[in-house]
Amino acid sequence: MAEFRAISGRWCLWRSGLGHRLAMVAMVAVTAMLTIAGSAVAAPAVEVSGIRIAAEAGKTRVALDLNRRVEHKIFTLSNPDRVVIDMPAARIERSALPLPDGTGAVRRIRSANRRDGSVRIVLDMATPARPRSFLLAPNGTQGDRLVVDLMPPDAPRIVKKAPSPGAVS
């Protein structure tokens, strides 16, 4: 038997009987599970397939080989001096291991695939440094790369001058 009832301030068709109530509860449960499962599905993680380090002319450069562009956050810590690179939705692949030995301003490199699906790379510094990071697009021989330049803290900052209005490029 069906009747109209006010539920949460709205009039709804209500069917009495245990079977209809169980069907409604099951439908709500399935909808909730699909919503939760759908929100857990995310873009595939960025893969860090290699880490390279080089030192030259007072600057140390760390390059991370990636399968695609990545969002990242970079910051420094002191006592002891460290540079930290965080990348959400990323993974260090086995091909990147073992991590390279430190050179130049970097004493050691550590990394961790974190439980939240992010990667943290820590550069333990031999000397304090000011990091600058940028992304490089694929170039035919190499894929996407995240490059971190480590400059001495007292090194002059590189500032690009904006073109003057009316300048022809």
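Analyst: A residue is buried under 20% relative accessible area, exposed over 50%, and partly exposed in between (1.4 Å probe, protein chains only). This is a predicted model: local features need pLDDT of at least 70, side-chain atom pairs count only at pLDDT 80 or more, and totals for chains, interfaces and linings use all residues. Residues are numbered from 1 along each chain as its sequence is written, and side-chain values use heavy atoms, without hydrogens and water.

The whole structure holds 6 salt bridges. Each needs a side-chain nitrogen of Lys or Arg within 4 Å of a carboxyl oxygen of Asp or Glu.

Start with D86 and R120. Their closest N and O atoms are 2.7 Å apart. D86 lies in strand 6 and R120 in strand 9, so the pair ties together parts 34 residues apart in sequence. Strands here are DSSP runs (E, at least two residues), numbered from the N terminus. D86 is buried at 13%; R120 is partly exposed at 26%.

Next, D124 bridges to R108, with closest N and O atoms 3.0 Å apart. This pair joins strand 9 to strand 8, so it ties together parts 16 residues apart in sequence. D124 is buried, at 4% relative accessibility. R108 is partly exposed, at 42%.

Then comes D149 with R132, at 3.2 Å from N to O. D149 sits in strand 11 and R132 in strand 10 (residues 130-136), so parts 17 residues apart in sequence are tied together. D149 is buried at 1%, while R132 is partly exposed at 46%. R61 joins R132 and D149 in a network of salt bridges.

Methods. Helices (H or I, at least four residues) and strands (E, at least two) are DSSP runs, numbered from the N terminus.
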